[in-house]
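Hi there,

Here is the model I promised to pass on to you. My notes on it follow below.

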Amino acid sequence: MSINDATIRAERTRSYAPSRVPTRRMIAVGAASLVAATVMLVAVVQNSDRELVPSMQQPAPLTRDEIVQDLVDRGLVPSEAVRPAPLTRDEIVQDLVDRGLVPAATLED
C-alpha cells in the first residue's frame, strides 16, 4: 500500500444556493404586508358601503295603490290595466264604443 503526501488544492466554486434572509427581516416584511392588505380591504368595504346606503334609504311604497302606480310609472304595467272595470251594461257598451270595437250607431238613445 502506498500513501502519497501530495497536496491537491481545490478551487473555490461559487455556490448558487439562495441567500439566507435574516428571520427578523422576513417577519417584518410579512407583518407589513399583512397590515397593508388589511388597510386596503377595510378601505374597499367602506367605499362599497357608501355606494349602497343612499339607494337603501328610499322609502318603499306603503299602499297597494302606490305600488301599482309605481309599476305604471316605470312602464311595467300599462296604465289602461289599472282603470276600474265598467260595472253596468251601458258602461260596458260605452267602453267598447270608446275603444272602436263597436260602432257608435248601435247605441240606443
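To start with a term: a residue is called buried when its relative accessible area is under 20%, exposed when over 50%, and partly exposed in between, using a 1.4 Å probe and protein chains only. By that cut-off, 3% of the 109 residues of the protein are buried.

Please keep in mind that this is a predicted model: local features need pLDDT of at least 70, side-chain atom pairs count only at pLDDT 80 or more, and totals for chains, interfaces and linings use all residues. Residues are numbered from 1 along each chain as its sequence is written, and side-chain values use heavy atoms, with hydrogens and water left out.

On confidence, pLDDT is the predictor's own score for each residue, from 0 to 100. The protein has an average pLDDT of 78, and 75% of the residues reach at least 70.

The fold reads α-α-α along the sequence, with three helices and zero strands. Here helices (H or I, at least four residues) and strands (E, at least two) are DSSP runs, numbered from the N terminus. Among the elements, helix α2 (residues 64-73) has the highest mean pLDDT, 85, while helix α1 (residues 23-56) has the lowest, 81.

The accessible surface amounts to about 11100 Å², and carbon and sulfur atoms account for 58% of it. These areas come from the Shrake-Rupley method with a 1.4 Å probe; for residues, only the protein chains shown count as cover.

V72 is buried, because its relative accessible area is 16%. Beyond its neighbours within four places in sequence, V72 is in contact (heavy atoms within 4.5 Å) with V77, P78, S79 and V82. V72 and V82 are 10 residues apart along the chain, and their C-alpha atoms are separated by 8.4 Å.

How many salt bridges does a search of the whole structure find? The search finds two, where a salt bridge is a side-chain nitrogen of Lys or Arg within 4 Å of a carboxyl oxygen of Asp or Glu.

- D70 pairs with R74, with the closest N and O atoms 3.3 Å apart. D70 is partly exposed at 29% relative accessibility, and R74 is exposed at 54%.
- D95 pairs with R99, at 3.2 Å from N to O. D95 is buried, with a relative accessible area of 18%, whereas R99 is exposed at 53%.

Best wishes
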